Amino acid sequence: MFKEQDYDVIIVGAGHAGCEAALASARLGLQTCIFTINIDTIAHLSCNPAIGGLAKGHLVREIDALGGEMAKVADRAGIQFRMLNLSKGPAVWSLRAQADRLLYKLHMRQALERQQNLVIKQGTVEKLIVEDGSIKGVLTSLGIYYGAGAVVITTGTFLKGLIHVGLESYQAGRAGEFPSVGLSDSLRESGLAMGRLKTGTPPRLDARSIDFSTTTPQYGDNPPVPFSYSTGEITNPQLPCYVTYTNRETHAIILGNLDRSPLYGGRIKGIGPRYCPSIEDKVVRFSERDRHQVFLEPEGLETTEYYANGISTSLPYDVQVKLVRSIAGLEHAEIMRPAYAIEYDFVYPSQLKHSLETKSIGGLFLAGQINGTSGYEEAAAQGLMAGINAAMKLSGKEPLVLGRNEAYTGVLIDDLVTLGTSEPYRMFTSRAEYRLLLRHDNADFRLLEKGYDTGLVSKEAYERFAEKKRIVAAEMDRVKRQRVKPSPELNDALVRLGTAPVQEDISLEKLLKRPEVRYGFIKALSCAAEGTTPEIEAAIEINVKYEGYIRKQIEHAEKMKKFESRRIPAGFDYKGIPGLSGEVVEKLLKVRPENIGQASRIPGITPAAVSILLVAVERQWKQTGNS
C-alpha cells in the first residue's frame, strides 16, 4: 500500500452531490480532494437535460442562497426557462430549465478546477479505512492510500450498478461507465445496512429524424427568469421543447412484450421510483388511459440529440424501436442511445444524523442517491450540506442543520433521516407542511444570511441582499401607510377589474389584498419606493395577499420550536421509560432521534408517547444539570 498524502476532506464521486460537497469544503478553507472514476463526466446530466421543476426548483434556489453552485451553472447552461404552476398559489410556483448538457459539465468542471484548496483525481475508491469508529481515509483500486479527517460518499448509481436492456444485463455505473463494486462491499463491512434501488432513462433520438410539424411546441418564458440571485440575465439562445403522445398502438406493443421486460420478468429486484415510472409501468397501472404525454427535450445548442421524456423503459432494443416509431412525429425516429434501467446499492438513510454524518462512523458523510434519493437537485442539496458539515466538524463547530420551517433542504434531510426510504425519494411541495413559508421567491430571505455566516456567501452578495431587504421593507411600509381617495376614475377601474368600488379612503395594502388587484394597479396609483424591481414587486404582492396564512404558519412553526430545540441525550435509554410500548421503543432505538420534534415525526410514535418521552428527557437533563 502506497500513501500519497493526506487531505482534510475527501469527496468520492463528482456528480451533483460531489461537486457541491467539494466546493463547499474547499471554500471553507479545508484541503479537499474529489475522486471520480472519469474526469470527463464531472457533473454529467446522466438522465434528463433539465434542472429544477416542481419543488426541485426550490432546492436549486436554496442551494444558491447558501452559497452553492448549481443555480449559477444552470443559468450559464440554460436553453429554456419556465416558471411552473403560475395558475396556482405562489407556494407551489417553481422554476425549471432545460440545460445544454455539455455546457453544464463544462461550467461546473471549470468551477472545480478554479477553486482554491481543491484537488481533482481520477481514480476508483475501493475501500474505507475506519479505526475506532472514525474514518481515517480511503484506499483506491491502485492500492494508494489517502488519509482524511472526513470523507463524503456521493456515488450516485455506481454502487454495484447493473444495467438492464431487455433480458440482457451488464455491470455499469451508468451507460458506458464502470461500476463501483469494492466500495459497496466496504460500506457493508463497516456495518451500514444497505438495500437495492432501480431507476431508468428513456431513449435519445436524432432530431433530423423527427417530424416536429406533428408535435406541439412548448416555449419558455420571455424574458427567462434565472435561478441564481447573482445572475443578471440569461444570454444563451432559447429553444422550445415539443409535446407528443403515446397511443393505443404504442400500448399494445408494450403489453405484447412484457414477457421480455426485465421489470415484469423478475430480473430487476430493486424498487423503482413511484412518481417517475417506466412507460411499461404507466401502461399497466393506468390501463384506462389511451395516451401518455411525451416531451421531446433538446440536449443542447450544438447537437441533434433529443431526450424523449416520458417513455423511460427497459424493454429490448427492437421493442424500443417499435414503440418509439408508433408515436406521432417519431414514425421515422432514429434512436441514438437506447433506454435502459439500472439497479444500484444504497444506504438506508435512517443511519444518518441530520448533518448527514453516519451515526456509527465518525467523519463519514453520505449525500445523494446513496441515501435513497432521486434527482440532481436532491443530490446537490445534500452534497452542499454534507460538504458544509464535514468542514464544520473538522473546524470544531456545530453542524448546520436546517429546520422544516426554514427550507425544503431541511424537509428533505429530515424525511430521509427520520422516516427513511425504501424507494427513490423525490421532493414534492406536498412534503413541506410550511410550504407557504418556503416559497421559490424568498429563498434568499430564508437562507442567504445563514450562507453568509457559514462563510460561503461573499460580502458583496450579502450587501446586495441587505439592500434588497431595505427596499422591500420600505415598500411594505409605504403600501401600508399610503392611502388613496375614492374617485370616479378609481372606481371605474376597480369595476373593470371585477371588484367593488371604494366609498372612503383606503390604503394601498387593502386594495392589494383584493384577489383581482395586482401590484401594477397600485403602482399606477402611486410611485413605488426607489429601487423596486419586478422581483421585489412580486414579493410585496405575495406578502400582502397571503399575510394571514403566512402569519398562521409562522405561529405554528414557533410552537413547534420547543420540540425541535429539546435535544435527546446521546445514548438515551428508551427501554427504561415506563409507559412506552415495546413497538415504540423499537422504533426509537432504530432511528435514535436527535430531538423531540424528530421523535414526533417517526411513523407510529403517538402524541401520548411523545409526551411520555418529553417528561423522561426533561428529567434526565435536570439530573445531569445540562440542557
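1. Leaving aside neighbours within four places in sequence, K105 is in contact (heavy atoms within 4.5 Å) with D40, T41, I42, A43 and H44. Please keep in mind that this is a predicted model, where local features need pLDDT of at least 70, side-chain atom pairs count only at pLDDT 80 or more, and totals for chains, interfaces and linings use all residues. Residues are numbered from 1 along each chain as its sequence is written, and side-chain values use heavy atoms, leaving out hydrogens and water.

2. Is K105 buried or exposed? K105 is buried (under 20% relative accessible area, with a 1.4 Å probe and protein chains only) and has no salt bridge, meaning a side-chain nitrogen of Lys or Arg within 4 Å of a carboxyl oxygen of Asp or Glu. The nearest side chain of opposite charge, D40, is 7.3 Å away, yet the K105 side chain reaches the backbone oxygen of D40 at 3.3 Å.

3. Now have a look at helix α9, residues 376–394 (helices are DSSP runs of H or I, at least four residues). Of its 19 residues, 17 are buried, so α9 is largely enclosed by the rest of the structure. After α9 comes G396, with a positive phi near 75 degrees.

4. Next, the aromatic rings: how many aromatic pairs are there? The count is ten, taking rings of Phe, Tyr and Trp (its six-membered ring) with centres within 6.5 Å; planes under 30 degrees apart are stacked, over 60 edge-to-face, and the rest tilted. F212 and Y242 have ring centres 4.4 Å apart and planes at 40 degrees, so this pair is tilted.

Definitions and conventions
Buried < 20%, exposed > 50% of the residue type's maximum accessible area, 1.4 Å probe, protein only. Lys, Arg positive; Asp, Glu negative; His and termini not counted. Polar contact = N/O pair within 3.5 Å; in protein donor to acceptor, adjacent residues only side chain to side chain. Helix = DSSP H or I, 4+ residues; strand = E, 2+ residues; numbered from the N terminus.
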